[in-house]
Amino acid sequence: MKRTFAVTAVVAAAFALAFLVLPVLALFLRVPPSDLIHALGTPAARDALLVSIKTSAIAHAAVLLIGTPAAYAIGRGSFRGRALLLSLIELPLVLPPAVAGIALLVTFGRLGLLGGTLNALGIHLAFTQAAVVLAVAFVESPLYLRAAIASFEGVDGTLLDAARTLGARPFRVFARVALPLAAAGLGAASALALARGLGEFGATLLFAGSLQGITQTLPLAVYAQFEVNLDTALAIGALFVCFGAVLLLALKLIPGWTRSVSLSTFRSASSPSTSS
Amino acid sequence: MALVGPSGAGKTTLLRAIAGLQLARGRISVDGDDWLDSARSVDLPAEERSVGLVFQDYALFPHLSVRKNVEFGRKGGVALLERFGLAGLADAKPRELSGGERQRVALARALAPDPAVLLLDEPLAALDAHTRSEVRAELQLLLREADRPTLVVTHDFEDAATLATRVGVLVEGRLRQLGTPAELVASPADPFVASLTGANVLRGRARALATGLTELELPTGELIRSTDPAEGDAVAIVYPWEVTLSRTPPDDSAQNHLAGVVASLVPVGNRVRARVGPVTAEITAESSERLGLQVGGRAVASFKATATRMLPEASPAMPTQRP
């Protein structure tokens with residue numbers, strides 16, 4: 001009886017693995033690799049790559065720059081309504097991307113909530129590259145904030161207290177103690193948020209449109225090329241698979257890497273011949 | 001000085017309040033500088049108070065080397081590293097250090113900015129029993145060298161007596177007694193202080209005798225005599241080193257003899273702490289051997305009426321003294 005179950009479980013695992021891996025593999029198997037690389041050179045793919053890199057870089061930089069101190073304030077603070085605030089931050093995570101796109105449109109669009117104000121300032125966001133940046137930042141920031149807040153919550157408060165008694169002003173406590181101690185968690189949060197931002201589709205489509213060379217990001221190019229040139233769509237898909245694989249591998253390896261570094265310093269410190 | 005008290009007495013809270021890490025009301029003034037004065041809405045943030053705080057678990061920055069830890073408060077702490085015997089460990093990370101080394105780093109780090117006041121929170125609690133006495137002696141020397149107002153909080157009277165010249169007993173946020181360790185031992189203000197300093201505390205009912213002595217009747221019916229006056233519910237206090245043990249009731253000048261079963265024999269260095277009936281006696285290992293004491297065997301604990309202090313059971317309200 002036990003045996004039968006063990007066999008069933010193994011078969012289930014094999015089935016699940018095949019189900020997940022086969023489509024990913026199929027991306028590479030449909031056309032020869034040389035064709036894939038060639039397809040990445042088409043103007044549509046090249047433009048999309050540039051748009052994606054540019055908008056993601058700007059959006060991600062903004063998310064890190066604003067999100068990190070924000071996460072520190074929320075993660076270390078104790079104030080009324082903290083639980084509510086956390087829920088508000090997570091809300092965009094559970095929204096369908098298309099809903100996020102509409103929400104951005106009715107906020108920053110020409111006829112949106114802030115549209116009049118922005119208009120008066122001569123700023124037109126909808127269907128521009130800035131709109132892509134906003135859309136990407138909107139979908140990736142909750143992911144980053146949530147993980148970054150958890151990282152800062154995990155920092156031992158006594159260490160921050162110790163820094164204060166040693167005369168460190170708030171910024172120094174943050175930069176010299178909290179930030180390095182939360183760094184591993186922040187790195188992982190940043191990587192996952194970046195991946196989410198690069199893959200953003202729905203919000204970008206609704207808020208920024210899909211204009212080649214301006215707002216057409218890689219995922220939008222996959223959709224656009226799907227009917228025009230399947231090879232290009234496949235090539236971009238393969239690119240995402242590679243990027244994702246590198247990212248996941250890095251996430252797995254980085255904690256191991258820091259551990260091995262600390263181990264080697266431990267060895268050199270404890271062996272009398274090398275200690276100075 | 002040191003503050004001793006049971007956990008929950010507010011010792012750590014007091015240190016955190018002095019350091020500015022805890023909201024507090026009242027007045028804290030150091031060298032004429034007001035750090036906290038609720039009446040005048042003065043409340044300096046922690047980073048502006050000239051205080052060195054050694055945390056209970058040392059709170060060393062795990063990502064920084066020993067040198068960077070010590071120099072966190074002020075650059076150029078190299079001399080401190082040398083003085084604390086840490087020069088060879090300058091590049092080590094805190095997790096590579098032993099408990100005693102961590103404590104030295106924490107102390108060096110706290111002293112580096114040359115604080116007006118040094119605070120230590122349970123400095124020996126994080127250590128193993130076998131390194132404790134060694135580190136305690138080391139800490140005693142380092143504190144003497146640091147030569148500045150120092151407040152140590154601990155739950156252990158022996159630690160406090162070793163590390164401080166004046167010891168305060170803190171219970172439920174109130175100072176019960178303040179004095180030199182010797183004063184606290186010689187005349188504990190109340191039964192709690194007495195038990196904290198390691199005395200045997202025996203409860204019973206006291207009455208005056210015609211001879212001028214006081215007799216305390218224990219719940220077991222046994223009688224204890226003291227030269228101190230007392231009436232009604234009272235406690236007799238006698239230190240373990242005032243108690244002698246014998247196999248049969250001795251014919252000597254001691255007035256008090258309590259026969260009982262030896263419940264435990266704990267060697268402490270060259271001495272043995274023996275629990276006989278309701279009292280603990282501290283005798284030399286040699287005497288213990290000579291008497292053939294064994295757990296479960298019988299013995300008589302004797303102590304003089306002149307070595308027996310009497311205190312009323314419910315202590316009158318103590319006039320609180322300022323530290």
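Predicted model: local features only at pLDDT ≥ 70, side-chain atom pairs only at ≥ 80, totals over all residues.
Chain B contains nine helices and 19 strands, and the area buried between chain B and chain A is about 2100 Å². Over all chains, a search of the whole structure finds 26 salt bridges, of which three cross the interface of chain B and chain A.

**Chain B as a whole**

- Taken along the principal axes, the C-alpha atoms of chain B fill a box of roughly 70 × 50 × 25 Å, and 50% of the 323 residues in the chain are buried.
- Among the contacts in chain B with a separation of 6 or more, 64% are made by residues 24 or more positions apart.
- The accessible surface of chain B amounts to about 15500 Å², and carbon and sulfur atoms account for 50% of that surface.

**The interface between chain B and chain A**

- Chain B contributes 30 residues to the contact and chain A contributes 22 residues, while carbon and sulfur atoms give 60% of the buried area of about 2100 Å².
- Five residue pairs are in polar contact between chain B and chain A, counting pairs with both residues at pLDDT 80 or more.
- On the side of chain B that touches chain A, helix H1 (11-19), strand S5 (51-54) and helix H4 (99-111) each supply at least two residues, and the residues of this side divide into 17 nonpolar, four polar and nine charged.
- The rule finds three salt bridges across the interface, including the one in which the side chains of Arg16(B) and Asp161(A) meet at 3.0 Å, N to O.

**Salt bridges within chain B**

- Lys11(B) and Glu122(B) form a salt bridge whose closest N and O atoms are 3.3 Å apart, and this pair links distant parts of the chain, with Lys11(B) in helix H1 and Glu122(B) in the loop between S6 and H5, 111 residues apart.
- Both partners fall under the 20% limit for burial, so Lys11(B) counts as buried at 6% relative accessibility, and Glu122(B) counts as buried at 8%.
- Arg40(B) takes part in a salt bridge with Asp34(B) at 2.6 Å, N to O, and in another with Asp37(B) at 3.2 Å, N to O.
- Arg40(B) counts as exposed at 52% relative accessibility, whereas Asp34(B) is buried with a relative accessible area of 19% and Asp37(B) is buried with 9%.
- A network of salt bridges links Arg132(B), Arg136(B), Asp156(B), Glu158(B) and Asp159(B).

**Positive phi in two loop residues of chain B**

- Most residues other than glycine have a negative phi.
- Asp114(B), which is not a glycine, has a positive phi near 55 degrees; this residue lies in the loop between H4 and strand S6 (117-121) and counts as partly exposed at 48% relative accessibility.
- Asp147(B) likewise has a positive phi, of about 50 degrees, without being a glycine; Asp147(B) lies in the loop between helix H5 (129-146) and strand S7 (150-154) and counts as exposed at 65% relative accessibility.

**A buried threonine in chain A**

- Thr204(A) lies in helix H10 (residues 202-208) of chain A and is buried, with a relative accessible area of 0%.
- Leaving aside neighbours within four places in sequence, Thr204(A) is in contact with Val132(A), Ala135(A), Gly209(A), Thr215(A), Thr217(A) and Leu220(A).

Notes. Residues numbered from 1 in each chain as written. Chains lettered and ligands numbered in written order. Heavy atoms only, no water. Contact = heavy atoms within 4.5 Å. Buried area = accessible area lost by both parts, 1.4 Å probe. Salt bridge = Lys/Arg side-chain N within 4 Å of Asp/Glu carboxyl O. Polar contact = N/O pair within 3.5 Å; in protein donor to acceptor, adjacent residues only side chain to side chain. Helix = DSSP H or I, 4+ residues; strand = E, 2+ residues; numbered from the N terminus. Nonpolar A, V, L, I, M, F, W, Y, C, P; charged D, E, K, R; others polar. Buried < 20%, exposed > 50% of the residue type's maximum accessible area, 1.4 Å probe, protein only. Areas by Shrake-Rupley, 256 points an atom, 1.4 Å probe, with all protein chains shown as cover.
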